[in-house]
Amino acid sequence: MRLTSPWTPRLVDTRASASERLVAALTEDILEGVLDSGDRLPAHRDLADKLSIGVAATEM
């Protein structure tokens, strides 16, 4: 059985990198109580798929 995350991944709308935008979205959702301590996050491949980004995206 595969457990799922209660969190809907998103990227904050800024001109920052994808990783910085993801961190900002997570931070906002933690502070707003959308995510609680112990909540599961999506697996990295599911997260990348939902956000339409590469798993190994790198900055140049």
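1. Asp29 is buried, at a relative accessible area of 6% (buried means under 20% relative accessible area, exposed over 50%, partly exposed in between, with a 1.4 Å probe and protein chains only). Asp29 forms a salt bridge with Arg10, the closest N and O atoms being 2.9 Å apart (a salt bridge is a side-chain nitrogen of Lys or Arg within 4 Å of a carboxyl oxygen of Asp or Glu). Asp29 lies in helix 1 and Arg10 in the segment before helix 1, so the pair ties together parts that are 19 residues apart in sequence.

2. On the basis of the note: this is a predicted model, in which local features need pLDDT of at least 70 and side-chain atom pairs count only at pLDDT 80 or more, while totals for chains, interfaces and linings use all residues. Residues are numbered from 1 along each chain as its sequence is written, and side-chain values use heavy atoms, with hydrogens and water left out.

3. The structure holds 2 salt bridges. Arg10 counts as partly exposed at 28% relative accessibility, and Glu28 is partly exposed with a relative accessible area of 33%.

4. In helix 2 (residues 44-51), Leu47, Ala48 and Leu51 are buried (helices are DSSP runs of H or I, at least four residues, and strands runs of E, at least two, numbered from the N terminus). Seen down the axis of helix 2, the buried residues fall within an arc of 95°, so they line one face of the helix; the arc is that of the directions from the helix axis to the C-beta atoms. The face turned away from the buried side carries the exposed residues Arg45, Asp49 and Lys50. Just after helix 2, Ser52 takes a positive phi of about 55°.

5. The buried residues of helix 2 pack against helix 1 (18-31). The largest nonpolar core has 8 residues: Trp7, Val12, Leu22, Ala25, Leu26, Leu35, Leu47 and Leu51 (a nonpolar core is a set of buried Ala, Val, Leu, Ile, Met, Phe, Trp, Tyr and Cys residues joined through side-chain atoms within 4.5 Å). Helix 1 and helix 2 are the elements that give two or more residues to this core, and its largest share, 3 residues, comes from helix 1.

6. Leaving aside neighbours within four places in sequence, Val12 is in contact with Arg21, Ala24, Ala25 and Glu28 (contact means heavy atoms within 4.5 Å).
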